[in-house]
Amino acid sequence: GKELAMGGTSRILFEDEDSGTQESLARLSAEKDWIQLGKLLNNALGRVEEDWVAFFDTDAEIRERGPSLVAIVAAEKLVTVVTDNWVDYLRVFGDPVNALLPTLRMLTRGAKIGTIQLVLFNKMEKHRQMPSILLDMNGRESASIPFSPVQSCKKHMEEISEHFYTRCWGGVNNEYRGLFSQSGEVQSQRSFIKAYVAAVYNFPAVPVQITTVFGIPFACIDPNKQYKSSCGDLSIGPVGTDTLRVIQETIHAVVQRL
């Protein structure tokens with residue numbers, strides 16, 4: 001089993017017979033302490049014999065949230081989650097405190113951390129339930145995604161991918177290139193998109209409610225079923241077959257890249 005870190009809120013559960021464990025964690029303040037805890041967690045997870053996968057969900061304010069540093073150091077694979085909003089995306093480089101890539105570089109000075117496997121565009125606005133081809137800035141076909149975003153969103157996605165590649169591969173020192181897995185195989189924006197870029201859209205309310213209320217993964221939803229609560233006062237569904245198919249294809253396209 002391997003670890004995977006993603007963006008969001010970090011929550012770490014500890015089981016220890018020592019009653020002082022939680023008090024000790026509460027006293028952690030310096031970044032070096034959280035980094036050391038991440039190393040310990042990585043070692044502990046590595047000793048588990050069963051076949052498993054652990055997911056870490058980190059805050060955007062990674063330098064200000066110690067558990068987020070723990071997650072990044074403990075993980076073996078990293079997913080950078082962005083949107084097609086330029087202001088949101090530029091925090092990856094330009095946030096004065098919590099910029100993602102400078103923080104990752106900082107962590108590499110004191111620990112061996114995982115590499116970025118994927119740049120995931122989240123919450124895209126979907127136009128049609130048909131596959132779409134992403135283009136580089138020269139108009140060359142680079143990668144396919146299972147849905148068609150609104151044209152303006154797709155254009156921003158392609159432009160942000162170009163900026164991402166330029167900042168990480170086009171600089172004099174290529175300072176962020178080493179943070180990516182198999183970075184030596186990327187020689188252009190086209191190969192950057194093909195190697196790293198994926199996308200998911202805002203899924204419709206009905207399947208989202210089914211997964212949220214009943215805890216059923218999208219891949220396991222029956223499109224012909226109306227889901228009811230045990231007390232019978234809540235009923236959700238069914239989900240359209242085509243709607244569910246595109247959701248599952250979108251998730252599969254992301255997962256197979258990992």
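**Cysteines, confidence and rings**

Q: Cys-220, buried or exposed?
A: Exposed, because its relative accessibility is 52%. The cut-offs are over 50% for exposed, under 20% for buried and partly exposed in between, with a 1.4 Å probe and protein chains only. The model is predicted, so local features need pLDDT of at least 70 and side-chain atom pairs 80 or more, while totals for chains, interfaces and linings use all residues. Numbering runs from 1 along each chain as its sequence is written, and side-chain values use heavy atoms, without hydrogens and water.

Q: And Cys-168, buried or exposed?
A: Buried, at 0% relative accessibility.

Q: What's the mean pLDDT of the chain?
A: 85, and 87% of residues reach 70 or more. pLDDT is the predictor's confidence per residue, from 0 to 100.

Q: Switching to rings. How many aromatic pairs?
A: 19 in the whole structure. Phe, Tyr and Trp (six-membered ring) pair with centres within 6.5 Å; planes under 30 degrees apart are stacked, over 60 edge-to-face, the rest tilted.

Q: What about Trp-169 and Phe-180?
A: Centres are 5.0 Å apart and planes at 55°, so the pair is tilted. Both residues are buried.

Q: And Trp-169 with Phe-192?
A: Edge-to-face, because the planes are at 70°; the centres are 5.5 Å apart. Both are buried too.

Q: Which aromatic cluster is Trp-169 in?
A: One that includes Trp-86, Tyr-89, Phe-93, Phe-180 and Phe-192.
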